[in-house]
Amino acid sequence: MTTPPPQGNPFAQGQNPYAQGQPPQGQAPYPQQPGFPQGGAPYAPVPPEQPRRKVSFKTIKNVLVGVGVVTAIVVGYIASLDDADQAKVGDCLKSASSSSSSDEMEVVDCSSSEAEAKVLKKVDGTYTSFTAETECRKVSGATSFYAQTGDGDNFVLCLSDV
């Protein structure tokens, strides 16, 4: 024997013709699961925020070394701006020692008491001591010369006393 279909409109609100043993109104359709509040979303609990990492000595040391290297490069560049290879006609030079190397010669203000020589002429090219002296003898008032040869700029500065 078969069960007859329910009477009335099976699509009417509040009725489900396919439900079997529906719970009474006001109760949840499923039993409460442990760990989840009734009606709440079943999400995992949020873990506590991890403590922030402390800055280590190694990190501080690496940053300080990097800053030191950059500082040394900047200071070296600024110091090289006064070298003899940057000298122009009319500039004055001083020598830190009796050696004539571009690292020992630097540009100074002509009104300074440190000024030792004034540039009368700058000639680009590679010169020996003999050819540099010969070139500067052609310059009126030249009493000495400074020659730079080697890597990069090669030139002769014809100098007069200040």
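Q: Why is Cys110 called partly exposed?
A: This is a predicted model, and in it Cys110 has 32% relative accessibility. Buried needs under 20% and exposed needs over 50%. The value for Cys110 falls in between, so the residue counts as partly exposed.

Q: What makes the link of Cys136 and Cys158 a disulfide?
A: The S to S distance is 2.0 Å. The cut-off is a pair of cysteine sulfur atoms within 2.5 Å. Cys136 and Cys158 meet it, so they count as joined by a disulfide. Cys136 lies in helix 2 (residues 129-137) and Cys158 in strand 5, so the pair ties together parts that are 22 residues apart in sequence. About the S-S bond the angle is -85 degrees, and the link of Cys136 and Cys158 is left-handed. Both cysteines, Cys136 and Cys158, are buried.

Q: How do you know that Cys92 and Cys110 are joined?
A: The test is again sulfur atoms within 2.5 Å. Cys92 and Cys110 have an S to S distance of 2.0 Å, so they pass as a disulfide. Cys92 sits in strand 1 and Cys110 in the loop between strand 2 and strand 3, 18 residues apart, so this pair links distant parts of the chain. The link of Cys92 and Cys110 is right-handed, with 105 degrees about the S-S bond.

Q: How many disulfides does the rule give, and what is the pairing?
A: The count comes to 2 disulfides. With the bonded cysteines numbered in sequence order, the pairing is 1-2, 3-4.

Q: Why is Cys92 called buried?
A: Its relative accessibility is 1%. Buried means under 20%, so Cys92 qualifies. In strand 1 (residues 92-95), Cys92 and Lys94 point one way, while Leu93 and Ser95 point the other way. All of these residues are buried.

Q: What makes strand 1 a partner of strand 2 and of strand 3?
A: Pairing takes at least two bridges. Strand 1 has 4 bridges to strand 2 (residues 105-108), so these two pair, and they run antiparallel. Strand 1 has 2 bridges to strand 3 (residues 117-124), so this pairing also meets the rule, again in the antiparallel sense. Leu93 stands opposite Val107 in strand 2. In strand 3, the bridge partner of Leu93 is Ala117.

Q: Why is Val89 called exposed?
A: Val89 has 55% relative accessibility. Exposed means over 50%, so the label holds. Val89 is in the loop between helix 1 (57-80) and strand 1. Beyond residues up to four places away in sequence, Val89 touches Val119, Leu120, Lys121 and Lys122.

Q: Which residues form a nonpolar patch on the surface?
A: Val70, Val74, Tyr77 and Ile78 form it, with about 410 Å² of accessible area together. Val70 is found in helix 1.

Notes. Residues numbered from 1 in each chain as written. Predicted model: local features only at pLDDT ≥ 70, side-chain atom pairs only at ≥ 80, totals over all residues. Heavy atoms only, no water. Buried < 20%, exposed > 50% of the residue type's maximum accessible area, 1.4 Å probe, protein only. Contact = heavy atoms within 4.5 Å. Patch = residues over 30% accessible without salt bridge, like charges linked within 9 Å, V, L, I, M, F, W, Y side chains within 5 Å. Areas by Shrake-Rupley, 256 points an atom, 1.4 Å probe, with all protein chains shown as cover. Salt bridge = Lys/Arg side-chain N within 4 Å of Asp/Glu carboxyl O.
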